[in-house]
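Subject: Structure for your review

Dear colleague,

Please find below the structure that I am handing over to you.

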Amino acid sequence: MSARVGLRLNQCTRQFARTSPFRRPNARRYQTTEAAPTAPTQSTLQRVWNSPVGVKTVHFWAPVMKWGLVLAGISDFYRPPEKLSIVQNLALTATGAIWTRWCFIIKPRNILLAAVNFFLGCVGITQVTRILIWQKQVKDGTVSEVAQEDAKDVTQTAEGIIKNPEAAAKSAI
């Protein structure tokens, strides 16, 4: 009987040793200090050139060209709000919001495109806010009242420039 128990114990431990989570296949007791063969290192320029969102791909050039829309929206900050289109700026806002989210879903993740779309949405929100504020001012008061308030602001600014030109120049910068 004792031989059978020993045989069973031997078979169980062999089975455990083969499937043990602590067993390392082909493990050596002593490891060498040699570094494993690695790929040759690339310069930064080579990595940018060969990247999945690098200079050779549309993933790079689409955001570069889209910055033109952002710059056009920023240049519209100098236009009076009555000349701006709320539909166009709502479209810019929606485009910015939708595509910013989409840039994090698609593979490869395109951070450049996400950044430009984020700023496009910010420009759109700013312009829509300007338009809505202007529309509210026109509804609440007549156009002549709004014009008179603007004239007062211009007059106060001019008087401030006459009284202290250095302070006015510093505040303008």
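In what order do the elements of the protein chain run from the N terminus on? The order is α-α-α-α-α-α-α. Please note that this is a predicted model.

**The chain as a whole**

The protein chain has seven helices and zero strands. It comprises 173 residues, of which 17% count as buried. Its accessible surface comes to about 14200 Å², and carbon and sulfur atoms account for 63% of that area. When contacts between residues at least 6 apart in sequence are considered, 66% of them join residues at least 24 apart.

**The pairing of H3 and H5**

Two packed helices are described by the angle between their axes and the distance between the axes. Helix H3 covers residues 58–75 and helix H5 covers residues 111–140. Their axes come within 9 Å and cross at roughly 15 degrees. Because angles under 35 degrees count as roughly parallel, H3 is roughly parallel to H5. The crossing of H3 and H5 is left-handed.

Which residues make the contact? On the side of H3 they are Phe60, Pro63, Lys66, Trp67, Leu69, Val70, Gly73 and Ile74. H5 contributes Leu112, Leu113, Ala115, Val116, Asn117, Phe119, Leu120, Val123 and Gln127. Sorted by class, the contact of H3 with H5 has 13 nonpolar residues, three polar residues and one charged residue.

**Two individual residues**

Met65 lies in helix H3. Is Met65 buried or exposed? Its relative accessible area is 58%, and the threshold for exposed is over 50%, so Met65 is exposed. The C-alpha atom of Met65 is separated by 9.6 Å from that of Val116, although the two residues are 51 apart along the chain. Val116 is also one of the H5 residues in the contact with H3.

Asp76 is placed in the loop between H3 and helix H4, the latter covering 86–105. The relative accessibility of Asp76 is 16%; since buried means under 20%, Asp76 counts as buried. Leaving aside residues up to four places away in sequence, Asp76 touches Leu84, Gln127 and Arg130. Gln127 also belongs to the H5 residues that take part in the contact with H3.

With kind regards

How values were computed
Residues numbered from 1 in each chain as written. Predicted model: local features only at pLDDT ≥ 70, side-chain atom pairs only at ≥ 80, totals over all residues. Heavy atoms only, no water. Axes fitted to C-alpha atoms, helices over the stretch in contact; angles between N-to-C directions. Helix = DSSP H or I, 4+ residues; strand = E, 2+ residues; numbered from the N terminus. Parallel < 35°, antiparallel > 145°, perpendicular 65-115°, else oblique. Left-handed = near helix turned anticlockwise from the far one by under 90°. Contact = heavy atoms within 4.5 Å. Nonpolar A, V, L, I, M, F, W, Y, C, P; charged D, E, K, R; others polar. Buried < 20%, exposed > 50% of the residue type's maximum accessible area, 1.4 Å probe, protein only. Areas by Shrake-Rupley, 256 points an atom, 1.4 Å probe, with all protein chains shown as cover.
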